[in-house]
Amino acid sequence: MQNDLSEGPTLDVLIEQRTVVIPDLSAETRWPRFVAAATTRGVQCMAAFRLFVTQGNVGVLTLYGPRPHLFDDDAVLHGEILAQHAAVALAGAHAQEQLHRAIASRDVIGQAKGIIMERFGVTAVRAFEMLTQLSQERNVKLVNVAQQVVDTTGAA
């Protein structure tokens, strides 16, 4: 909803890079359209925490409360700790996903090199040079060129 309205505390957390706690939405004036939409849905207070790791923002953890003044100092402290743990978990998951993609890319490139070596009777170094040359000429990522080679194996 905040993205659709282009206003709200979550967006401010990302821009200002700080926690935003709104004890009572009925008294909030910074985001009138968001406040109206949120209170209609039963949200009376909220806290938004930046999910941050050394590489930058990962996102925002937003907690919504059904009554005003639900988030006291202890709740905010616990929210910040939870946000730190969530940020580390998300960053770890992202790094693992990148690793899996890199391994898959390496495998496809290796398969394409083998196909080119067999088709053209060239060395592994020359096969890789041919792939990179095609990648540069077509302005297409190397892994995509390699995937095209693999996909056309056996085609006339």
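## Basis of the model

Helices (H or I, at least four residues) and strands (E, at least two) are DSSP runs, numbered from the N terminus. The structure is a predicted model, in which local features need pLDDT of at least 70 and side-chain atom pairs count only at pLDDT 80 or more, while totals for chains, interfaces and linings use all residues. Residues are numbered from 1 along each chain as its sequence is written, and side-chain values use heavy atoms, with hydrogens and water left out.

## Nonpolar cores

A nonpolar core is taken here as a set of buried Ala, Val, Leu, Ile, Met, Phe, Trp, Tyr and Cys residues joined through side-chain atoms within 4.5 Å; buried means under 20% relative accessible area, exposed over 50%, and partly exposed in between (1.4 Å probe, protein chains only). The largest such core has 13 residues, of which Val20, Ile22, Leu25, Trp31, Phe34, Ala38 and Met46 touch the most other members. Strand S1 (20-22), helix H3 (32-40) and strand S2 (45-53) each supply at least two residues of this core, and H3 gives the most, with 4 residues.

Leaving aside residues up to four places away in sequence, valine 20 is in contact (heavy atoms within 4.5 Å) with Pro9, Val13, Arg30, Trp31, Met46, Ala47 and Ala48. A second, separate core of 11 residues includes Ala112, Ile115, Ala146 and Val150. In soluble globular proteins, nonpolar side chains tend to be buried together.

Glutamate 28 is placed in the loop between S1 and H3, and it counts as buried because its relative accessibility is 14%. Its side chain is joined to that of arginine 30 by a polar contact of 2.8 Å; such a contact is a pair of N or O atoms within 3.5 Å, where within protein one must be able to donate a hydrogen and the other to accept it, and where residues adjacent in sequence count only if both atoms are side-chain atoms. When residues up to four places away in sequence are not counted, glutamate 28 touches Ile22 and Val35.

## Salt bridges

The structure holds 6 salt bridges, each being a side-chain nitrogen of Lys or Arg within 4 Å of a carboxyl oxygen of Asp or Glu. One of them joins the side chains of glutamate 7 and arginine 33 (3.6 Å, N to O). Glutamate 7 lies in the loop between helix H1 (2-5) and helix H2 (9-16) and arginine 33 in helix H3, so this pair ties together parts that are 26 residues apart in sequence. Glutamate 7 is buried at 13% relative accessibility, whereas arginine 33 is partly exposed at 47%.

Another salt bridge links glutamate 97 and arginine 101 (3.1 Å, N to O), which both lie in helix H4 (residues 73-120), 4 residues apart, about one turn of the helix. In helix H5 (residues 124-138), glutamate 129 and arginine 126 are 3 residues apart, and are therefore separated by about one helical turn; the closest N and O atoms of their salt bridge are 3.5 Å apart. Glutamate 129 is partly exposed at 38% relative accessibility, and arginine 126 is partly exposed at 34%.

## Positive phi outside glycine

Histidine 69, in the loop between strand S3 (56-65) and H4, has a positive phi near 60 degrees although the residue is other than glycine, and it counts as exposed at 57% relative accessibility. Asparagine 139, in the loop between H5 and helix H6 (142-151), likewise has a positive phi, of about 55 degrees, and is not a glycine; asparagine 139 counts as exposed because its relative accessibility is 73%.
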